[in-house]
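Hi,

Here is the structure I promised to pass on.

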Amino acid sequence: MTTPVKKVSGIFSTREMATKQTCPNHAECMKVIQLILDGEASNEQLKHFNQNLDQCLPCMQKYNLERAIRETLRCKLEKKCVPHDLIANIKTKIDEVV
Ligand SMILES: [Zn+2]
């Protein structure tokens with residue numbers, strides 16, 4: 001009688017068995033993600049983050065999203081053209097994460 005629940009996150013299939021769907025330290029993770037993307041994280045923070053990323057799905061998604069946004073912004077600053085579908089793609093990702 002029960003409908004089998006389909007896994008949505010095919011991209012992380014090798015990791016998803018051990019991956020948490022929610023992050024107990026999300027605020028802390030977000031701080032570190034910002035530092036890493038700004039290039040200001042210490043080696044200790046980088047190490048901790050890489051370990052955490054293996055088991056923390058929301059933070060992995062958030063990191064990928066933030067990185068994509070920054071790349072787009074940098075493209076704009078360097079006055080390279082940003083493809084419209086890339087921007088649309090990022091907006092879709094934001095809607096998924098938020
Ligand atoms: Zn986390």
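Below is what I found in it, starting with the overall layout.

A word on the ground rules: this is a predicted model, where local features need pLDDT of at least 70, side-chain atom pairs count only at pLDDT 80 or more, and totals for chains, interfaces and linings use all residues. Residues are numbered from 1 along each chain as its sequence is written.

Helices here are DSSP runs of H or I with at least four residues, strands are runs of E with at least two, and both are numbered from the N terminus. Buried residues make up 6% of the 98 residues in the chain. "Buried" means that 20 or more other C-beta atoms lie within 10 Å of the residue's own, "exposed" means 12 or fewer, and "partly exposed" is in between, with C-beta atoms placed from the backbone. As for contacts (C-beta atoms, placed from the backbone, within 7 Å), residues 24 or more positions apart account for 56% of those with a separation of 6 or more.

Now for how the helices pack. In general, you describe two packed helices by the angle between their axes and the distance between the axes. The axes are lines fitted to C-alpha atoms, for helices over the stretch in contact, and angles run from 0 to 180 degrees between N-to-C directions.

- α1 and α2 pack at about 120 degrees with their axes 10 Å apart, which means α1 is oblique to α2. (Under 35 degrees counts as roughly parallel, over 145 as roughly antiparallel, 65 to 115 as roughly perpendicular, and the rest as oblique.) On the α1 side the contact includes Cys29 and Val32, and on the α2 side Leu46 and Phe49 are among the residues involved.
- α1 and α3 have axes that come within 10 Å and cross at roughly 30 degrees. Their contact includes Met30 and Ile33 of α1, along with Cys59 and Tyr63 of α3.

α3 itself covers residues 57-77, and its 21 residues reach 30 Å from first C-alpha to last, close to the 30 Å expected at 1.5 Å a residue (the expected span is 1.5 Å times one less than the number of residues). Just after α3, Lys79 takes a positive phi of about 60 degrees.

What sits in the largest nonpolar core? It has six residues: Cys29, Val32, Ile33, Cys56, Cys59 and Met60. α1 and α3 each supply at least two of this core's residues, and α1 gives the most, with three. (A nonpolar core is a set of buried Ala, Val, Leu, Ile, Met, Phe, Trp, Tyr and Cys residues joined through C-beta atoms within 7 Å.)

Met60 is in helix α3 and counts as buried because it has 21 C-beta neighbours inside 10 Å. Ser42 lies in the loop between α1 (26-37) and α2 (43-53). Is Ser42 buried or exposed? Ser42 counts as exposed, because it has 11 C-beta neighbours inside 10 Å.

Cheers

Definitions and conventions
Two residues are in contact if their C-beta atoms, placed from the backbone, lie within 7 Å.
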